[in-house]
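Thanks for coming. I'll go through a few backbone details, and I'd like you to follow along in your own viewer.

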Amino acid sequence: MSFRILGTGSVVPDRSLSNNDLAGMVDTSDEWIVSRTGISSRRISSGETMTDLCVKSSLLALENAEVSPDELDLIICATICGDYITPSQASLIQSEIGATCPAFDVNAACSGFIYALDTASAYLSSGKASKILVVAYDSLSKFVDWTDRNTCVLFGDGGGAVVLDKGDDLLGINLTSEGNAEILNIPCHNESPFGSETVTRQFLQMNGQEVFKFAVSRIVTEMKKLIQNCKVSADEIDYVLLHQANIRIINAARQRLGMPEGKFMSNLARYGNTSAGSIPVLLDELNRNGTLRKGQILALIAFGGGLTTGACLLRWDPAK
Ligand code: UT7
């Protein structure tokens, strides 16, 4: 017993920030950003809270799944950008959509959606839940230094949700973590109010080249593990949905795997890296634009802060 995805939903903020807009803020250019990352624009929250955006995504997923909020047994939100440290983002979603079930957040940065799917799968397999809402949303614009060209060109805000039911569509799932705050981190305000140091605002910090190497090698390793453990050949996988971080990461991993370009889906150009939100936004777009067909096999692979990875293989068989 694992799960079946009944429906999907996603929402991105209204405000678009183009590469040319960024070129007016830091020393960069559209040409550099497109050639080094594949990103042309990204969405930035302004006026919308995380709760607003998560609730809209959740209601779209519930409508798509034909499930009402009072049928939910659990809500899991994968995020590192919640509106509050407490209450959790999931609790705020629960209240706003009118659900009465337990709710909690999962922090696994860009791998958060797959971590949340794995947690949901365990609840469904144990019989503790029948219907679960998984939301994955991040708003990294709050944590990016908009004067640092090394990082600010990469990220955007966005995310989505899925409604899960008991089922057999999860063919395999694997998570990894190797604690490392050197390569990628967002600092907490850990200074003691009784200490002598002045508290200054700190931003997302990253060694881009190290993350790049980690990402490419782990995507390849995780895909090979899925193929081996699920006894599925690479040819049988219809679409690969990688975390949308950099088109060069996607292309390098695809070339090493020797898989055709047409199988690797991407919306990176429009949204940049939306952290935990990137795979659910892509999944929802492919669901709603009719790309996905019943019975197709999808590989979802994410990597990011932790350092973490999450990878799963699933059969596509939604409610409608
Ligand atoms: O969810 C996971 C989060 N993180 C990632 O996925 C990031 C993974 N890493 C990457 O995507 C790439 O490493 C980057 C896009 C961040 C950087 O690309 P790169 O090809 O590794 O560039 P680089 O860091 O080696 O920088 C090359 C040059 C440098 O100039 P010099 O030293 O050669 O003169 C940088 O200062 O490009 C410069 N540079 C820029 N130039 C214009 C760095 N950022 C920019 C910029 N515009 N925005």
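Start with A109, in the loop that runs from strand 5 (103-106) to helix 5 (112-126). This is a predicted model, so take every angle I quote as belonging to that model. Phi of A109 is near 50 degrees, which is a positive value, and the residue is not a glycine. For context, most residues other than glycine have a negative phi.

Is A109 buried or exposed? A109 is buried, because its relative accessible area is 11% and the cut-off for buried is under 20%.

Now the other positive phi on my list. E66, again a residue other than glycine, has phi near 55 degrees. Where is E66? E66 is in the loop between helix 3 (50-65) and strand 4. Relative accessibility for E66 is 59%, and exposed means over 50%, so E66 counts as exposed.

Next, peptide bonds. As a general point, most of them are trans.

Another cis peptide bond joins G306 and L307. Omega there is about 0 degrees, and the second residue of that pair is a leucine, L307. As for location, L307 is in the loop between strand 12 (297-304) and strand 13 (308-315).

That is my list. Questions, please.

Key. Residues are numbered from 1 along each chain as its sequence is written. This is a predicted model: local features need pLDDT of at least 70, side-chain atom pairs count only at pLDDT 80 or more; totals for chains, interfaces and linings use all residues. Side-chain values use heavy atoms; hydrogens and water are left out. Helices (H or I, at least four residues) and strands (E, at least two) are DSSP runs, numbered from the N terminus. Buried means under 20% relative accessible area, exposed over 50%, partly exposed in between (1.4 Å probe, protein chains only).
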